[in-house]
Structure formats: structure tokens, C-alpha cells
Amino acid sequence: MGKDRGRGRGGRRNFQSKPYNKNNWRDQKKEHAKHSNGKQHTFTRNKQPQQKCTLRENQVGITEFTNPDLAGFTGILKSRFSDFHVNEINTDGHVLQLNDLNVPKQEIQPVDAAQLEEWRKKLETVIDNSVWEQIAALSTAKYDAKIEQNVDVDVTSLDKEQRTQIHQLIKQLYNGKLISKTLDQQPPQSSEGEQQVAPETEAAEVKKVIRIAKPKPGRSDNRWNFPAEYVNFLVHKVNVDTSEVAATIASRLNLRPSQVNYSGTKDKRAKTTQSFCIKRRTPEAIAQAARIMRNVYIGNFSFKPTTLKLGDLQGNRFRIALRHITQEQEHIELALQSLKERGFINYYGLQRFGNSASVPTYEIGVALLKRDYKLACELILKPRDNDVEFMRVIRESWWQNRDSAAAAAKFYNNKYIEKKLLDGLASFGESDYSAALRRIPRNMLLLYPHAYQSLIFNRIASRRIKEFGLQLIPGDLVYVEEDNSEQVTANEEAAVEAEEEAVEDDMDVDTDSLLSVEEEQSIYKRKVRPLTAEDIASGKYKLSDVVLPLPGYDITYPSNECGAWYEQMLAEDGLSSEQLRHKEKTYALGGAYRKLLIKTDDLKWSFRRYSTPEDTLIASDWEQLKSIEVTPEPVEAESKYRALLLEFTLPAAAYATMFLRELFKQDTSTAAQMLLEQEELLKKSEQDTPTIADEVTVEVSAAVVDEVAAEAQPQPI
């Protein structure tokens, strides 16, 4: 335990031993280097850190632009995670913002005094004045754990409604000073342990008793007294995974992670606000559970009669700062106006495919769909040369020795997919790959086949734009229910990933079971229809109305050339649409629809200057709540850098990185962005002094290595 203290996720030691001081950032980088056994990351301009295993956009089908003739510009995305802000938009269209930290207490609904007096008179035969005096004395007595402090009232003759009236009387009259509970009281037992039964009866009647007691300090009536069963609250997180927040709160409340609901995951390396939902856990308990997490803040509690489900949102509001802007403002505004008018291709971003080019998640998905469970396990556990050190040792150990128990023992916690899989192999046998995979939670397993669906979508979208441009063609698909198209779009990700939320122990489904619901499933095929030449000529439809399918066994494909491309691409991997009707329900892919283009009508932008790379340019929810101001904009003579501030809304399941890619006309991967930032800092430093330029080379190159290593860490569960 002791030697692990101070280690962050992924096994790397945190050398930040003192509070962050933005005015001393260079010295802190040097301190980091000193703790690295004196080995500083030094790179010349011609020798960059190796990124050979970082996944790039063209490897996952992301190749085209809506306006390829307009040159892009350079801007650094997520130079700091405080440059990227996401606020969820709920189903009512409201942008969620954390602005209320009040924690609601248990509410006792008031009952009219006349009503209480009426109940009291009706119950006089059970609770007379002497009993009320005992109850009153108990309410004023000091709590003493050494003695019994309760008054028992025999309520055997009363019905449930009358017993409820007694509980209400105690609650209303003593307001938490006393608690009451209905108990079944067995007949007294003789010394031999046999029940004493009256001679005239064959069996003694069980008595019902209401026990009125003095609660322990800090405890009160545990009955649910809130307006509804489901507690909704906002979570504002800084550089933390959504799933990690949910898992931590669940653990502290003795719940399963699946019992902590949210409508979708948000970026980790960002400041984000979203809604969570938990059933019948008090706001006070939820707040206490969240208090142990750093950089996580909760509030805006409310109560709803129904739970929050995956896809219960209209979209997300983004506020983004792009740093190190060097191009002319006129050219940048021209690119922004083009994006606003034409939109961007609705690609699945790199986040969908993992962080390794040698083992992208879609390859594991192909293996699962082809029922090659051995290959799937080997790909998950295969060594990668961008692994963090502790994971590299574990992967290589298993790869060489195939001793799953020994490899699993090297993990310091149970959060990782690899640990779950190794435990499964150790339990079920080194060759029972199918059973071992079931140790991985279903929602994590589904990421692999869904990544393959996303790859096919990206490739089809690129080919559609490359061959036909931005023109409509007969056979393109649009939603039949036009009035409902926006809601369908908002929930398209939920349609693909609905099974992630299912809680089932048995993941095997026989073929007969699947076929029995074929008629119901085919309804999804009728959600779209192909455009005719007459439709196109009418001018009623635009390319932003067109949807492309995600491949599946229950989907309608375009009735033009694009439809044939699906089966061709599936065949390249030894698959077909019918084969996606998998024997195991976990891996079965019914299919879904996704918009080809996304337009952002509410795009806003502004430019501002700043002095140092550490200046805060956008105020988060928390900073606004606490009246913490952003770094003041310097006068032009004192500023070294220029940033572009963007604000826009995207529907659910759309990627902001793909929006920005259309502006940049270049790769938006983390590695590419970090290297661009290095180059921009070097250029700016060289304008000052050569000495500073050399220092920045060392510092930023070290940051590139650390950032890419962090991105390469295995995904915790």
C-alpha cells in the first residue's frame, strides 16, 4: 500500500508535490524531469517523439471535407483541458448549467392541524392520553444507547390506513425527534422454547405493534419523503471520465454502476456538465458519495417520476478555445462562414476506435462478429508499443507465458478490461475464450462491434462525398416521419447502444428467440424511405436530411450504388449483413441510422489575445458559480498569442472534433495536435531568444510524451 501512494491511474507516479503555480510552470517541468532519474526528454526540431502507434484519421475512413477547396488554418485543440467545455442539452432544449449547490433535505408534507386532531380522536381506543404522555416524554429525553428508549403500541385491531395515520401523527408532531415502525410480534415463548398457547385456541395470533423509538444521533425516519422516486442532479467534472464518476458514486452508495444512470458519456479531457439519475437515494447521501472525488462537483437536484436513459438529450453545447491562431482573421472568418453554411461530415471521431493503430477496437469487433473468440482475446491482450509501463509488462508476460492468473496478479486494482479478461481465462481455463469474455461488462464488450459499425459508416460516408459530392441522388435515405426526425437523430446513438443498458446475466440467445421478434424488428426498416428523382426536383430535401445506415441485420440500405458498398465492405472482412444476426445477443447488430451531414446554425465566434499558454480563456460552470474570473485580456502590445473562441450546439452523437476538422483541414488526433503546438511554441520562442526556444523544445516535447502516454492508457471499467 505504502509504495503505491502517490501513484496516479495507469501506474505513473505523480511528482507534483506542491500546488500548481502558473507563474512557475517552467520550474515544475524541471522538477518533473529531475524525478525521472535525471532523464530529460530532449528533442531537436528534426527529431520528434515516435508516434507510430497512434491512430490517425485516415486509418478509420475519415478522409473528405465538405469544402476541400477552401484552405484550413492552424489552431491547437485542447492545449489545456480548460479550453474545452461541454454542457448537455436536455430533452426540453435547456442547456444544463451547474448553478445551485443546495442539497434538499427530507421533506415532511404538512398535514392540517384539524386533520391531525381528527385522527387522534379516532385512535383514542389504541393510544390514550397516558400513552401520548409517554411518547411526549420520550421525545424530550436524551438519547442513551445503554437502555431501550421506545414505546410499543398494539395495533393488531387496526387496518393499514389507520396504522399510517399513527405514523403520520408521530412524524408531524415530533418532526424527526422520534421514529416509528410497524413490527410483527410473535407470542411469548416458554422456558423450553415452545410458544405458550391458550387452551381454548389452537394457535396464537401474531400481534402487530408500532414501535415508537428515540433515533440514534444523526439518524431519522428513513421513509422516502421526496416528491418522486428518481433523484436527478447535475455533475460538473474536470478531466474525469463519466464512467469513473458513475462507478465511484455507485460504490459509495452500495449500488451497481448500471444503477447510476446518465444520458451519454462526455469527454474526459474537458470541463463538462451533464445530468445523472439515481433511484431512491437521498440527495444528502449522493452529495456525500461525490465529495470524495477531486474535480467533481454536483448540484441542481430535482425529482422525476421516471429514470434517465441513454439518449435522453437533444445534444450538447460546446465552448472551445483554439490557441496559437496565426492566420489572418479574414481567412478564418471565411472558413467559419463556409462551415456554417455547408456543415461538416458526421464522421465518428477517433475516440470511437481506441488509441492504438496496431490494435484498433474495430479489429476486435470483427473477431467477435466472426465468433473467433480466441483472436478477440489475443487482440485485447496483445502487447502495444504505446503501452504505459505497467501494462506493457503485464501484456508481455501473458503473451510469452500464457499464464493468466500470474498476469492478472500484477494488476493493482480490478478496474481494467484486461484484468477482467485474465481473471476469466484463469477461472474457466486458458482455452475457454468465450466464457472468459463474459467477465467483461456487456457495455464494454459492445464497444468493439460498435467500433466496426462506425468504421463502415465512416468509409461509406467518405466514398459517398468523394464520388457524388454534396448533391442528392435518387435512392438516398431520409426519415419517413419528418416531424419526428429530430428526436430520432437525437436518439440514434441510443438505438445503436441500447443493449449496453440491459442488465442480463445470460447473454446467450437462441436463434428461435431472435426470429420470434423478427416482425417487430422489421418496423425499424420502415423508419426510412429512398428519395425519388421527383423528391429531389421538388427542392424539399437537402443533403443534411440524408441518413446513412450503420450495418446490421435489420436495416434498410440505400437503393443506389451506396447500398451495394455495404455488402462489399463487409465481405472484405468475411462478413455479411445476415451474419450480424449473431447467436449471442451481446454481439448482434440490428443496425441504426445516422445523419450524413450536420449543420450548425447557431455557430458564434470571437478572437482574443493572451500572454501565456496557461491563461484561462473560458469560465467554467464552477468558475462562474464562484465568481472566478478568466485571465484578463492583455493589451495588444503585451500579448504574445491569439486564440479563437467558438460556441456552438451539436446533436447527440455528433463529434466536436469532426466539426473542428472541417475548419483545420488537418488531423485532429491528440498526437498531431500536440506536435502542432510544439511547433507553434518554438516559432514564437525563436522570435524572443534562442535560449528560451531551446528550453521550450525540451518542455513541450516532454509534454507530448506524457500526453500521448496518458491517451494510450487502457480504458478502466
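Here are a few questions and answers about a predicted model.

Q: Is strand E7 mostly covered or mostly open, and how many of its nine residues are buried?
A: Let's start with strand E7, which spans residues 271-279. A residue counts as buried when its relative accessible area is under 20%. The strand is mostly covered, and the number of its nine residues that are buried is eight.

Q: In which sense do strands E1 and E7 pair?
A: Strand E1 covers residues 84-89 and meets E7 over three bridges. The sense of the E1 and E7 pairing is parallel.

Q: Which residue in E7 is the bridge partner of His236?
A: Strand E5 takes in residues 230-238. E5 pairs with E7 in the antiparallel sense, over nine bridges. The partner of His236 in E7 is Thr273.

Q: Which residue in E7 is the bridge partner of Asn261?
A: Strand E6 is made of residues 261-262. E6 and E7 are joined by two bridges in the antiparallel sense. Across from Asn261, the bridge partner in E7 is Cys277.

Q: Why does Glu117 count as partly exposed?
A: Glu117 sits in helix H2, residues 113-122. Partly exposed lies between the buried limit of 20% and the exposed limit of 50%. Glu117 falls in that class because its relative accessibility is 39%.

Q: Which residues gather with Glu117 in a patch of negative charge?
A: Now have a look at the surface, where this patch is found. Glu117 itself comes from helix H2. The residues gathered with Glu117 in the patch are Glu124, Asp128 and Glu133.

Note on methods: Residues numbered from 1 in each chain as written. Predicted model: local features only at pLDDT ≥ 70, side-chain atom pairs only at ≥ 80, totals over all residues. Heavy atoms only, no water. Patch = residues over 30% accessible without salt bridge, like charges linked within 9 Å, V, L, I, M, F, W, Y side chains within 5 Å. Areas by Shrake-Rupley, 256 points an atom, 1.4 Å probe, with all protein chains shown as cover. Salt bridge = Lys/Arg side-chain N within 4 Å of Asp/Glu carboxyl O. Lys, Arg positive; Asp, Glu negative; His and termini not counted. Charge placed at Lys NZ, Arg CZ, Asp CG, Glu CD. Helix = DSSP H or I, 4+ residues; strand = E, 2+ residues; numbered from the N terminus. Buried < 20%, exposed > 50% of the residue type's maximum accessible area, 1.4 Å probe, protein only. Pairing = 2+ DSSP bridges.
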